[in-house]
Amino acid sequence: MNIYCCSCKEDVEAQLVQGVDMFPVRDDLGEKYYWQCPQCDCFTGTHEGSKKHKPLGSIATREIKQYRMNLHDLIDPLWKSKYMTRKQVYKLISDELGYTYHTGDVSSVEDAIRTREAVYRVAASFDHDKWNEGTIWIS
């Protein structure tokens, strides 16, 4: 499958590998599938239950994965508070960014920072008692 690799900064013909091969000491990951870059060995997971092993997003470096997790730490409380649905929150973020947003598509530090700022603008309209602005952000 052709997937963008954040490390190589290009589309690569990723290889489908099983968790048992990537993480031999992690029994809990043995049955999962991953798309791995043949050039740099970075990888992305797949959507659970996807028959065609749909990738979760682009193939990310460790740094980009950390930024993506940080973005989820900012975004998830917005919809988990039930103040708005997940779909509504992602629509507002997409409107702020000017394109359809998906965390798995964040492919650079600049993308992550731009998204963080958009999330802050969206969150400014929320009841702040329902959202944790103090979430740790690694910069």
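The charged end of Lys65 sits over the ring of Phe43, 3.4 Å from the ring centre; a charge counts as sitting over a ring if NZ of Lys or CZ of Arg is within 6 Å of the ring centre and within 35 degrees of the ring normal. This is a predicted model, in which local features need pLDDT of at least 70 and side-chain atom pairs count only at pLDDT 80 or more, while totals for chains, interfaces and linings use all residues. Residues are numbered from 1 along each chain as its sequence is written, and side-chain values use heavy atoms, with hydrogens and water left out.

Rings of Phe, Tyr and Trp (its six-membered ring) pair if their centres lie within 6.5 Å, and planes under 30 degrees apart count as stacked, over 60 as edge-to-face and the rest as tilted. One of the pairs is Phe23 with Phe43, edge-to-face at 5.7 Å centre to centre and with 75° between the planes. Phe23 lies in the loop between α1 and β4 and Phe43 in strand β5, so this pair ties together parts that are 20 residues apart in sequence. Tyr34 pairs with Phe43 as well, again edge-to-face, at 5.5 Å centre to centre and 90° between the planes. Put together, ring pairs link Phe23, Tyr34 and Phe43 into a cluster. As for cover, buried means under 20% relative accessible area, exposed over 50%, and partly exposed in between (1.4 Å probe, protein chains only). Tyr34 is buried at 9%, whereas Phe23 is partly exposed at 22%.

Next come the charged pairs. The structure holds six salt bridges, each a side-chain nitrogen of Lys or Arg within 4 Å of a carboxyl oxygen of Asp or Glu. One of them joins Glu48 and Lys32, at 3.1 Å from N to O. This pair links distant parts of the chain, 16 residues apart: Glu48 is in the loop between β5 (43-45) and α2 (62-80), and Lys32 is in the loop between α1 (19-22) and β4 (33-36). Glu48 is exposed, with 73% relative accessibility, while Lys32 is partly exposed at 33%.

Another salt bridge runs between Arg121 and Glu96, whose closest N and O atoms are 2.5 Å apart. Arg121 is partly exposed at 44%, and Glu96 is partly exposed at 37%. Asp111 and Arg114 meet in a salt bridge too, at 2.6 Å from N to O. Being three residues apart in helix α4, they are separated by about one helical turn. Asp111 is buried at 15%, but Arg114 is partly exposed at 43%.

As for the whole chain, its secondary structure comes to four helices and five strands, where helices (H or I, at least four residues) and strands (E, at least two) are DSSP runs numbered from the N terminus. The elements run β-β-β-α-β-β-α-α-α from the N terminus on. Of the 139 residues in the protein chain, 42% are buried. Among contacts (heavy atoms within 4.5 Å) with a separation of 6 or more, 46% are between residues 24 or more positions apart. The accessible surface, from the Shrake-Rupley method with a 1.4 Å probe and, for residues, only the protein chains shown as cover, comes to about 8,500 Å², of which 50% belongs to carbon and sulfur atoms.
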